Amino acid sequence: MKTLQIIPSRNLAPKLTENAIFNCLSGVRQVGFASLLSGKRKDWSFCVKTRSLGENGGGFMSGRRKSSQDKDQDERDSSVSGFHLIPHSAISDEKILETLHNEVDEGDELSDYIESSDTASTRTTYNVIFATAEAAPYSKTGGLGDVCGSLPIALAKRGHRVMVVSPRYMTGGLSDKKFVNAVELETRAKIFCSGGVQEVGFFHEYRAGVDWVFVDHPSYQRSGTPYGDTYGAFGDNQFRFTLLCHAACEAPLVLPLGGFTYGEKCLFIANDWHAGLVPVLLPAKYRPHGVYKDARSIIVIHNLAHQGVEPAITYRNFGLPAGWYKALEWVFPTWARTHALDPGEAVNVLKAAIVTADRIVTVSEGYSWEITTPEGGNGLQELLISRKSVLTGITNGIDLDEWDPSTDEHIAAPYSVEDLSGKVKCKMALQKELGLPVRPDCPLIGFIGRLDYQKGVDILLSAIPDLMLDDVQCIMLGSGEKQYEDWMRHLESVYKDKYRGWVGFNVPISHKITAGCDILVMPSRFEPCGLNQLYAMKYGTIPVVHGTGGLRDTVKDFNPYANEGSGEGTGWTFSPLSNDSLVAAVRLAIKTYREHSPSWEGLMKRGMERDSTWDKAATQYEQVFEWAFIDPPYAG
């Protein structure tokens with residue numbers, strides 16, 4: 001007979017005995033222990049040894065050593081409750097618990113308690129380590145910072161212990177104040193890479209249930225963005241982010257946060273190529289020495305276009321054993337080489353992460369498919385196809401503490417799905433602030449984003465003259481390539497009463513545009529997820545987007561005839577990506593705005609009611625966590 005020790009929950013302690021445990025069991029039907037039973041039918045038997053407690057409940061799990069007399073008395077006071085287990089699918093709920101000793105008084109009450117606990121959470125919690133180059137609000141250049149600033153908090157709220165490891169960027173400007181609450185830790189780590197030993201420090205802030213750990217090193221102390229300055233990308237980015245990866249692997253072992261370390265059984269979430277060495281370091285540096293043998297890693301691909309490719313000779317800078325070169329090896333196709341004698345040999349950090357990670361996640365379902373195609377795979381499509389069984393797409397969420405029109409401090413008037421009256425006030429305030437004629441009935445079109453090729457800015461700018469033929473207004477906010485910035489300035493000089501171009505990025509203005517515009521245009525050539533369309537829908541602004549990646553996943557085309565004429569959908573998608581397609585889609589949206597007000601209001605409300613919370617995404621990530629621990633870790 002097998003013996004099972006069961007520990008009582010706090011609520012059951014007065015009625016159960018020393019070795020009788022129901023540790024948050026989800027009802028007796030879960031005592032069927034489906035997790036212990038395979039698909040084949042088996043009979044399981046075990047006994048539970050119980051001892052009744054006194055009226056005061058004293059003596060339960062007593063810390064004093066028992067005498068022989070106490071033990072004899074325990075044996076006399078003890079009883080055995082027998083259980084006979086067979087697969088859950090083959091037995092009714094009532095027959096699972098065959099006998100329960102009469103010493104457990106008020107059995108009906110107990111059954112009621114167990115039945116009511118059916119809905120109790122039974123998910124596993126993990127020690128989760130995020131390794132990332134950005135984490136809002138401390139550092140942010142795009143969606144990566146938003147994800148790594150919000151998803152950890154959502155996971156912490158669901159019971160996981162979460163640490164985020166990111167560089168402590170010191171630029172000498174106002175942004176340095178974002179790290180003011182981070183306290184320097186005494187622990188330092190020595191890291192071997194780039195032919196020498198580098199010493200890094202750690203700063204720590206506990207906020208919103210998350211341990212925010214910042215890696216301190218002189219290479220992070222310079223003006224500019226996390227990746228470059230006005231002269232381009234920093235030449236030592238490979239070194240800077242190699243340090244980050246090593247530090248992220250050391251932090252759970254050496255930092256006693258909250259009095260104790262995270263330990264070795266961790267789940268590492270590496271974000272983009274900057275953290276791509278983490279899945280490689282676990283099997284290459286640690287597991288040969290018996291460390292992190294139970295850890296797992298997930299690589300999250302936010303943008304496959306950036307892969308951390310450097311000349312092959314730089315492999316020695318990673319601090320990896322020589323035998324791991326093949327994991328990072330990358331050979332450019334002939335057409336991509338600089339000259340006829342160029343062998344095209346390089347190292348590719350993101351490729352190595354895809355090879356060695358236990359699971360691969362992209363930031364939308366559509367993008368997880370696109371990266372397995374020649375058009376979207378950026379040369380890695382064959383490798384990703386070979387690992388398709390561990391590839392998952394999870395759409396990002398948005399931070400409702402920051403993006404909620406009912407509480408947004410940046411906008412002129414609050415509003416909600418129940419009361420939309422504030423939106424027109426936001427529109428009029430935006431027109432007035434930017435010097436446009438204040439016309440609440442005029443369709444207002446907006447764009448927010450980087451001014452570069454990926455975002456399809458050239459398509460939108462070339463379409464502006466056609467759109468300006470209609471009675472509309474347009475506002476664009478963004479910074480990037482100089483040619484697009486100059487193009488925006490030129491358009492503003494031509495269409496003084498209809499167009500405004502704000503060169504640069506301004507958080508309050510981005511909120512005001514999101515709230516004040518009627519239509520938001522996103523003509524991205526590719527978009528792994530996209531957040532602006534999610535913000536727009538939350539604010540009742542209708543997105544018109546190119547049908548690609550996360551844009552296609554999140555924006556559902558408007559169908560006025562669905563649901564018995566009440567309509568469905570949250571916006572419009574267009575394809576192919578061309579001037580004509582974009583203009584046609586925007587004009588369709590304008591016509592709906594002008595001529596079908598009830599349909600337009602339905603579009604607004606459906607978008608505002610859409611569940612874009614991080615809690616939804618966190619639930620999906622938890623499923624991936626479980627999958628990651630099913631198989632053995634990568635061993636090389």
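Before I turn to the structure, one term: a residue is called buried when its relative accessible area is under 20%, exposed when that area is over 50%, and partly exposed in between.

The protein chain has 636 residues, and buried residues make up 53% of them. Its secondary structure comes to 20 helices and 23 strands, and among the contacts with a separation of 6 or more, 72% are between residues 24 or more positions apart. The average pLDDT of the chain is 84, with 81% of the residues scoring at least 70. There is one stretch to treat with caution, residues 1-122, where pLDDT stays under 50 and for which the model has 153 contacts beyond four places in sequence. Where pLDDT is low, the predicted coordinates should not be read in detail.

In one of them, Trp330 and Phe332, the ring centres are 6.4 Å apart and the planes stand at 80°, which is over 60 degrees, so the pair is edge-to-face. Trp330 is buried, because its relative accessible area is 14%, whereas Phe332, with 30%, falls in the partly exposed class. Another edge-to-face pair is that of Trp403 and Tyr539, at 5.8 Å centre to centre with 75° between the planes. Trp403 lies in the loop between strand S17 and helix H12, while Tyr539 lies in the loop between helix H16 and strand S22, so this pair ties together parts that are 136 residues apart in sequence. Both of these residues, Trp403 and Tyr539, are buried. There is also an aromatic cluster, formed by Tyr126, Tyr621, Phe625 and Phe629.

Two arginines lie over aromatic faces: Arg168 over that of Phe203, at 3.8 Å from the ring centre, and Arg240 over that of Phe241, at 5.5 Å from the ring centre.

In total, the count comes to 3 cavities of 30 Å³ or more.

The second largest pocket, for its part, has a volume of about 430 Å³. Its lining holds 22 residues, of which Ser150, Ile153, Asp399, Asp401 and Trp614 lie nearest its centre. Helices H5 and H20 each supply at least two residues of that lining, and H5 provides the largest share, 7 residues.

I will finish with the backbone. A cis peptide bond, with omega about 5°, joins Ala136 and Pro137, and Pro137 is found in the loop between strand S4 and H5. Ser575 and Pro576 are likewise joined by a cis peptide bond, with omega about 5°, and Pro576 has its place in the loop between strand S23 and helix H18.

Ser194 is not a glycine, although its phi is positive, at about 55°; this serine sits in the loop between strands S6 and S7 and counts as partly exposed, at 30% relative accessibility. Asp272 also has a positive phi, near 60°, and is found in the loop between strand S11 and helix H7, but Asp272 counts as buried, at 7% relative accessibility.

Note on methods. Residues are numbered from 1 along each chain as its sequence is written. This is a predicted model: local features need pLDDT of at least 70, side-chain atom pairs count only at pLDDT 80 or more; totals for chains, interfaces and linings use all residues. Side-chain values use heavy atoms; hydrogens and water are left out. pLDDT is the predictor's confidence in each residue, from 0 to 100. Contact means heavy atoms within 4.5 Å. Rings of Phe, Tyr and Trp (its six-membered ring) pair if their centres lie within 6.5 Å; planes under 30 degrees apart count as stacked, over 60 as edge-to-face and the rest as tilted. Buried means under 20% relative accessible area, exposed over 50%, partly exposed in between (1.4 Å probe, protein chains only). Helices (H or I, at least four residues) and strands (E, at least two) are DSSP runs, numbered from the N terminus. A charge sits over a ring if NZ of Lys or CZ of Arg is within 6 Å of the ring centre and within 35 degrees of the ring normal. On a 1 Å grid over the protein atoms alone, a cavity is a set of points where a 1.4 Å probe fits but cannot get out, and a pocket is an open set with protein on both sides within 12 Å along at least five of seven lines; lining residues have an atom within 4 Å of a point. Grid points are joined across faces, edges and corners, and a volume is the space filled by probe spheres set on the points.
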